[in-house]
Amino acid sequence: MPSEEQVSISKLRLDIAKERLSYADEILKIGDYKTVANRSYYAVFSAMRAVLALNGFDSKKHSGIIAELRRLYLKTEILPKELSEIIDSLVEVRQGSDYDDFYIASKEESERQISVADEFMILAEKYCLEQLEKQKEDQISMI
């Protein structure tokens, strides 16, 4: 069962994820498509860290977060395996937009990035909230 601190960190990271995705949506309106890719990825990255916070896991390395999420949640199908494809596509587009001087980001691709990031975040938030409810139920049953 997650500690109160782990729950607080998870909630904070979910809030950060929502903020980043909202920012991506606002940036889409002004046409900065490369930044949309960055913010969409970081929204999902924060959501992954929110899920892992419930296990007390964190890493400064993106590869560590992704690997642990895949190991604990996707391979075991606690979360849908298809989320792995979302992660891969977000990483690929973000890396292209951040590091490739000649990368061309389109409006359509940016809209897709926001859409898949939103899909990921909905599932991550649902999982986190279910775990929080279980924790509350366990605490009540202990009384």
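Is R70 buried, partly exposed or exposed? R70 is partly exposed, because its relative accessibility is 22%. Buried means under 20% relative accessible area, exposed over 50%, and partly exposed in between, with a 1.4 Å probe and protein chains only.

## About the model

This is a predicted model: local features need pLDDT of at least 70, side-chain atom pairs count only at pLDDT 80 or more, and totals for chains, interfaces and linings use all residues. Residues are numbered from 1 along each chain as its sequence is written, and side-chain values use heavy atoms, with hydrogens and water left out.

## Helices α1 and α2

Helix α1 covers residues 4–30, and helix α2 covers residues 33–53. Helices are DSSP runs (H or I, at least four residues), numbered from the N terminus. Two packed helices are described by the angle between their axes and the distance between the axes. Axes are lines fitted to C-alpha atoms over the stretch in contact, and angles run from 0 to 180 degrees between N-to-C directions.

α1 and α2 pack at about 165 degrees, with their axes 8 Å apart. The two helices are therefore roughly antiparallel. Angles under 35 degrees count as roughly parallel, over 145 as roughly antiparallel, 65 to 115 as roughly perpendicular and the rest as oblique. The crossing of α1 and α2 is left-handed. That term applies if the near helix is turned anticlockwise from the far one by less than a right angle. Their contact holds 16 nonpolar, 5 polar and 4 charged residues. Ala, Val, Leu, Ile, Met, Phe, Trp, Tyr, Cys and Pro count as nonpolar, Asp, Glu, Lys and Arg as charged, and the others, Gly among them, as polar.

## Helices α2 and α3

The axes of α2 and α3 come within 10 Å and cross at roughly 55 degrees. This pair is therefore oblique. The crossing of α2 with α3 is left-handed.

Which residues meet here, in α2 and in α3? From α2 come Y41, Y42, F45, M48, R49, V51 and L52. From α3 come H62, I65, I66, E68, L69, L72 and Y73. Contact means heavy atoms within 4.5 Å. By class, the α2–α3 contact has 11 nonpolar, 1 polar and 2 charged residues.

## Salt bridges

The model has 10 salt bridges. Each is a side-chain nitrogen of Lys or Arg within 4 Å of a carboxyl oxygen of Asp or Glu. D88 pairs with R70, with 2.4 Å between the closest N and O atoms. This bridge links distant parts of the chain: D88 is in helix α4 (residues 83–99), R70 is in helix α3, and they are 18 residues apart. D88 is partly exposed at 42% relative accessible area.

R71 bridges to E68 at 2.8 Å. Both sit in helix α3 (residues 62–74), 3 residues or about one helical turn apart. R71 is partly exposed at 47%, whereas E68 is buried at 15%. In α4, R94 and D98 are 4 residues apart, again about one helical turn. Their side chains meet at 3.1 Å, N to O. R94 is buried at 7%, while D98 is partly exposed at 31%. R13, R49 and D58 are linked in a network of salt bridges.

## The surroundings of I114

I114 lies in helix α5 (residues 107–141). I114 is buried because its relative accessibility is 11%. Leaving out residues up to four places away in sequence, I114 touches L21, A24, D25, L28, V36 and S40. A43 is 71 residues from I114 in sequence, with 9.3 Å between their C-alpha atoms.
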